[in-house]
2 protein chains.
Amino acid sequence: MENKKDNFSEWYNEIIEISGLSDKRYPVKGMNVWMPYGLKAMQFIDNLTRKYVDAMDFQEVSFPVLITRGQLMVEFEHVKGFENELFWITKGGSEKLEEDMAMRPTSEAAMYPMFALWIRSHADLPMKIYQIVNVYRYETKHTRSFIRIREIHFFEAHTAHATYEDAEKQMDEYLIIWKKLTEMLCLPYLVNQRPDWDKFPGAKYTLAFDTVMPSGRALQIGTIHQYGTNFSKNYNITYALEDGSHELVSQTTFGMSERLLAAIISIHGDDTGLIFPPDIAPVQIIIVPIPSRKVDVEAYSYKILENLREMDFRVKMDDRDAYTPGYKYNDWEMRGVPLRIEIGAREVEKSRVTVSLRTEKEKMNMEKDEFFANIHSLLSTVKKTLTERSIDTMKKMTINAENIDEIKGLERIAKLFWCGSEECSRKIEEQTEMSCLGMNHDSKDKGKCIVCGKDGFTAIFARTY
Amino acid sequence: MENKKDNFSEWYNEIIEISGLSDKRYPVKGMNVWMPYGLKAMQFIDNLTRKYVDAMDFQEVSFPVLITRGQLMVEFEHVKGFENELFWITKGGSEKLEEDMAMRPTSEAAMYPMFALWIRSHADLPMKIYQIVNVYRYETKHTRSFIRIREIHFFEAHTAHATYEDAEKQMDEYLIIWKKLTEMLCLPYLVNQRPDWDKFPGAKYTLAFDTVMPSGRALQIGTIHQYGTNFSKNYNITYALEDGSHELVSQTTFGMSERLLAAIISIHGDDTGLIFPPDIAPVQIIIVPIPSRKVDVEAYSYKILENLREMDFRVKMDDRDAYTPGYKYNDWEMRGVPLRIEIGAREVEKSRVTVSLRTEKEKMNMEKDEFFANIHSLLSTVKKTLTERSIDTMKKMTINAENIDEIKGLERIAKLFWCGSEECSRKIEEQTEMSCLGMNHDSKDKGKCIVCGKDGFTAIFARTY
């Protein structure tokens, strides 16, 4: 298994298959089966998301998947952005439908006709809702599990506000939610403001969260959009002022997808397999008993299992007869369980356990009670290591470029000064195969554009998925 | 509001709207928006379901929503049963698809090609999986929220076994799961074996769980199906025996939907509004403070709120300034909160609370600590009352009929002896507008068919939704 991850693309496909995250042999291209282990991980990510957005007074809803052609055609820029990616339902039973319906590629066109009904006065604002659903995009490019697919597990938050300033505050709140969530997932990211020609169709501006994959390419794992009144004026979403006149609402959205799981697999995994951040690990602790004829390892292990369950950890005991302890260690390491305890005769006799963390080389032998008292801190060690490693990798993958030649043919994240013009961006893209991810939101540095020499700011260019 | 529920259909539509469960103004017929309160209730039902099936070693998966025409055409009876109800995707972007795809009406045709890949040997059996997803049916009949719609929130369990006997044991296990779940939902039901001409398309036999709505009509709220090898022989799902030969698996399924929520709304609700069983109530306890100038009602109420949260109850405090306590009582009664506490100056001064249960007329005034110690038992009272009432209603709605004349024009559940022949069933159906729900699984009584006088068993006939 040495250095398997160096061939990232092959490693990625293999680990998804053997760890039981997803099965891509389903007969429809780009639509995969969520296997139990993968679905659990995604559900834990969803539940963390719910926790953070609920705390900010968002409410969960669920809209229909079908959108009529009429609903869609309301906002022209938006439709244009998605028209090549829509799946169309044209028949019900053997009848041709009176009006074709599209499967949602995102839910603006589904939600905003209802917003127009729901929002009446200032008292209805801000309106903050979200849903966790599948969206559908007829991808013609090469598909890849969790990264580019046609049925996408999707989180989308939508808000409406009385003023543009309130909507701007919402954008700041998204940044806080995003920070909290990615801290739990141990994922580093850059915040980049997409150039106008690559913003979300219909948005005033788009901030994207980009992370770095082991291949050196960037992966967009979340976006937040300021719509201003672009949608509200087309969907007629207004609230009444005291004088009886009506004002358009300002809107924002926040979207992310199963790409979060793709990033977790790719960035944290190693040659041995997956490594799950403890907060979303489907199994946080695996117990491997080493059978003995002298003492009752099973009873001792079972008691520990029960204790850990009572403490609300997600714990499993691997008591399969057909496999050796060594096989089991490898199996659960491959599946990314953050903490393993081994229990043999010596542990039973001395009331101890042997603890192994998925991110650390050394095993630890400790008193059982000491272990119980320290589980949270042990899991924090895993989290800390994952975070440090991934920040470190991102740094290593980032190059501060002073001219185009430096980054030709590279698969790296290029930080460079750019004037913001489409012309200069195209020149960089053509010569490097990188794409412009836009101005970097985290940096206030100023410098001369590496193409034209005019005043510019820090921008990010990279090859992308 | 007196006797509003007597006009059940109107009451049902109104309560769904004003309590904020669902909005049916979405532009696609039969596809409604799940509003926050309704979605929460459904998610609690889902989580109870997960708890009971997980305990029986089921694993959750999620399959794609689209099924190719080729996948569907494998099992003829099954396709025939659904062909008039399929939504067809024929276009992606502006291209015509090479092969049309249907939105799943149920997932046999989606899952079983994968079962054929997954199941290899005895070690893979039993395979027990489930998913909670939306399914799609192009209903041409009148649609009704949660009862007959085109996008259906659906639970489906699918199993595969080495032998028919094992599959029969699975059917028994479903009955246990069903009993546990419906006990939490306080829903009474009959188990009826659907006649052959009304069983699930492709099944060997179907057991249905039917409950009784306030209108006197039956509502099917769950079904379990024994497939035997009907599907496995078409989808080629086999396991290898030791001698190298291959054996077909026997299969079963268990399905239920948001009709569970429809039944809860309809059966438990009263003229005042909804009544949620405590285990799935989005809000279990509502605190209504009655402002006072003498003492700090707010601080006292807030402390109770905190205590209840720590005890893991779903609790809310209604501190809206714009409404009177009386208005709030009505509002939360309408929304079906099982337990209310009122806190005014007298309660604060004496460290007490006034408790009101949604199902009982008398208010109770008790010491704060006594209240904390008794919450579970108070909620159990609500559960007990709901259960008793609904069993009582089912009994009242049931008529033991000795001849057809007795049940002509009735909207009741008719229990009668039937020989099992399609001919006699048709005669009853034609003269009564009732449908044959099949032989009652709970009764072993024998008697003479009320039509032909031949030997028969207890059967159920009723008008249905």
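In this predicted model, 49 residues of chain B are in contact with 49 residues of chain A. Between them the two chains bury about 4,200 Å², and 63% of that area lies on carbon and sulfur atoms.

The elements of chain B that each give two or more residues to the side touching chain A include both helices and strands. The helices are α2 (36–54), α3 (69–72) and α5 (108–118) of chain B. The strands are β2 (33–34), β3 (59–60), β4 (66–68), β5 (87–92) and β6 (95–103) of chain B. The most comes from β5(B), with 6 residues. Sorted by class, the side of chain B that touches chain A holds 28 nonpolar, 10 polar and 11 charged residues.

Strand β5 (residues 87–92) of chain A is joined to β5(B) by 5 bridges, and the two strands run antiparallel. Within this pairing, Ile89(A) stands opposite Ile89(B).

The last topic is symmetry. Chain B is superposed on chain A by a rotation of 180 degrees with 0.0 Å of shift along its axis, at an RMSD of 0.0 Å. The two copies are therefore related as by a two-fold rotation axis. In chain B, the C-alpha nearest the axis belongs to Ile89(B), 2.1 Å from it. Both copies use the same surface, since 100% of the contact residues of chain B recur in chain A.

Notes
Residues numbered from 1 in each chain as written. Chains lettered and ligands numbered in written order. Predicted model: local features only at pLDDT ≥ 70, side-chain atom pairs only at ≥ 80, totals over all residues. Heavy atoms only, no water. Contact = heavy atoms within 4.5 Å. Buried area = accessible area lost by both parts, 1.4 Å probe. Helix = DSSP H or I, 4+ residues; strand = E, 2+ residues; numbered from the N terminus. Nonpolar A, V, L, I, M, F, W, Y, C, P; charged D, E, K, R; others polar. Pairing = 2+ DSSP bridges. Least-squares fit on C-alpha atoms with pLDDT ≥ 70 in both.
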